[in-house]
Amino acid sequence: MKKYLQIFKISFQQEFAYRTNFIMWRMRNVLQIVLVFFLWDAAFSSSEKILFGYDKAKILTYVFGLIIVKAFVLSAKSADVAGEVAGGELSNHLIKPVNYFKYWLTRDVSSKVLNLFFAIGESVLLFLILKPPFFIQTNFLSLLMFFVSIVLASFIFFVLLFITSSIPFWVPEAAWGVHFLITVVAVEFLSGALFPLDVLPLALQNILNFTPFPYMIFFPLQIYLGKLTGFIAFKGIFVSGIWAVILWGVMNSVWRKGLKVYQAHGR
Amino acid sequence: MSKTSDKKPERTIIVEHLTKNFEVTEKKKGLTGSISSLFSPKKKTVQALKNISFTLTRGELVGFIGPNGAGKTTTLKVLSSLLYPTAGFIQVLGFNPWDRKSEYLKQISLVMGQKNQLWWDLPASETFELVRAIYELPKREYEKNLDELTSLLNVKKLVNIQVRRLSLGQRMRLEFVASLLHNPKVLFLDEPTIGLDVVAQQKVRDFIFDYNRRHKATIMLTSHNMDDVANLAKRVIVINKGGIAFDGKLNELVKKFAREKMIKIYLSKETDIKKFEKIGKVKRFNYPQAVLSIPRETTAIAAAELLQNFPIADLTIEEDPIEEIIRRVFRKEKTKLVS
């Protein structure tokens, strides 16, 4: 346990060594949210209008919630893993008595703590500036399920990143493309990070529900907004738990195979 | 692991019939080639190691030499658990490296001249702390090792400086510290002096020699730099095209492959070179210096003859440089000499 505490610490320090980088990354997030915010603000000209089952307060809360949920779920240092596999830096870890998955999970947690801290600050600031109507969830059960669902969501994202990061074992030059595919295409579009997924046609939603993506952003926010409660919410958590287990199994087997063909290049 | 008596040397590294193949995708030339290999990649199997066997006993320091791509680094990577062997048996300290048991990894270290484990943006002391946690070193042992390593490698003053601001030589020595903090029993060194200046090379060499003696550590060292090997290793394994071309004492290698010695003379008066041809082959002549190549057995006679019949100010007898000998080994790689 102590080793992972130390990993947490050094990872945190590293983050501070890249202050400018970090601030730029946060700025990007804030700007994105502001843009989406004004888009929806304009769409809901009057506060009584209801579109796709959202009133103005709920849609704007969704947008605000995105800051927090994205900071928690999508901030992941393990995005570097694909590069490590392709470049051979992976070797550094493999020859040490440390579990590679736990190593990166720890680094992710440290990154999440830092990002969450900033995200809360940012949303308070934006809230004071924009003064949007805001929906505050008071039901304890919903809040608890919200919390469980974002923890599961982070884990699913972590495992997904690791699965795709194993592609360079076989195709070393694919590292960057894979990262792009996962973080930009799949995650931003299919998870609900840009818009709530229930604005999509029903057929498309049904297909998406068979993938793990909605459970990363959209689903936790639905619970917070109280759109999913009781048994349905519980069922959703169960399904995302199953996804986590399935993907974890896939990750382990892919990595076992990948390490056998690993060529420890470049070093 | 069973305890062995002092008389019988403990076999620390056992490699039997080790083979390692790599699958490589071939890229065709040009744009159309790139596109066609994107859709129908041509796979080729490259044999990096072909059925090699050797053993190392505890405390041995063995030099591993061979040209680029001969399989030196591949062997070290297999032994240190990075690569999965295609076939063969390997055992290090009683473990199968591929199992990656913590108990095993805690006893070995792989140092590569081009690798960095130090965190670039932080002072090295932070990486050391991380290493301490990962290897679960007791504080006292850690401090003792750190103190010993930093003073031996002369880097005490550098540990608190951001790594990116250090020179290559300074960084390499700190990498050494980080790799040895856990006091490994088996050390795999891959090109440890690459890119270093002569002074730094010597420091690292002295250190390796000392570490080997002090800790009775088993060390396998690869290097392009023949000085590394000649100064450090008594035994050498010469590897070429994935196979072992020679395994034995360094001086046997010299005897076997250096059939001639070099006599270097400094003339006090200008003399006709042709006269030297009767005694031996003239390899270089640049007045006042001449270098003759003489068969091993007759060097003494030749030297006497030279001193008697020529105006000679100084004369030395030398072995061929190791590089030259090694090159000869590679030319005759079919003659397999395993001691």
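Here are some exercises on a predicted two-chain model, each with a worked solution.

Residues are numbered from 1 along each chain as its sequence is written, while chains are lettered from A and ligands numbered from 1 in the order in which they are written. Since the model is predicted, local features need pLDDT of at least 70 and side-chain atom pairs count only at pLDDT 80 or more, whereas totals for chains, interfaces and linings use all residues.

**Exercise 1. The make-up of chain A**

Work out which secondary structure chain A contains, and how its radius of gyration relates to that of a compact globule.

Step 1. Begin with the elements, which are DSSP runs numbered from the N terminus: helices are H or I with at least four residues, strands are E with at least two. Chain A has 12 helices and 0 strands.

Step 2. Turn to the overall dimensions. The C-alpha atoms of chain A occupy a box of roughly 60 × 40 × 35 Å along the principal axes.

Step 3. Apply the globule rule, 2.2 Å times the number of residues to the power 0.38, with the radius of gyration taken over C-alpha atoms. For 267 residues a compact globule would have a radius near 18 Å, and the 19 Å of chain A agrees.

Step 4. A residue is buried if 20 or more other C-beta atoms lie within 10 Å of its own, exposed if 12 or fewer, and partly exposed in between, with C-beta atoms placed from the backbone. In chain A, 39% of the 267 residues count as buried. Two residues are in contact if their C-beta atoms, placed from the backbone, lie within 7 Å. Of the contacts in chain A with a separation of 6 or more, 81% are between residues 24 or more positions apart.

**Exercise 2. One helix, two sides**

Find which residues of α1(A) are buried, which are exposed on the other side, and what the buried ones pack against.

Step 1. Check the length. The expected span is 1.5 Å times one less than the number of residues. Helix α1 (residues 2–17) of chain A, with 16 residues, should span 22 Å, and its end C-alpha atoms are 23 Å apart, which agrees.

Step 2. Pick out the buried positions: A:K3, A:I7 and A:S11.

Step 3. Name the partners. The buried residues of α1(A) pack against α6 (100–130) of chain A together with α4 of chain B.

**Exercise 3. Where the chains meet**

Describe the side of chain B that touches chain A: how many residues are in contact, and which element supplies the largest share?

Step 1. Count the two sides: 26 residues of chain B are in contact with 23 residues of chain A.

Step 2. Assign them to elements. β1 (11–26), α3 (102–105), β5 (108–112) and α4 (124–134) of chain B each supply at least two residues, and α4(B) gives the largest share, 5 residues.

**Exercise 4. Backbone details in chain B**

Locate the cis peptide bond, and decide whether B:H17 and B:S81 are buried or partly exposed.

Step 1. The bond from B:Y287 to B:P288 is cis, with omega near 10°. B:P288 sits in the loop between β11 (281–286) and β12 (289–295) of chain B.

Step 2. B:H17, in strand β1 of chain B, has a positive phi of about 50° although it is not a glycine. B:H17 counts as partly exposed, with 14 C-beta neighbours inside 10 Å.

Step 3. B:S81, also not a glycine, has a positive phi of about 80°. Its place is in the loop between α2 (72–79) and β4 (87–92) of chain B, and B:S81 is buried, with 24 other C-beta atoms within 10 Å.
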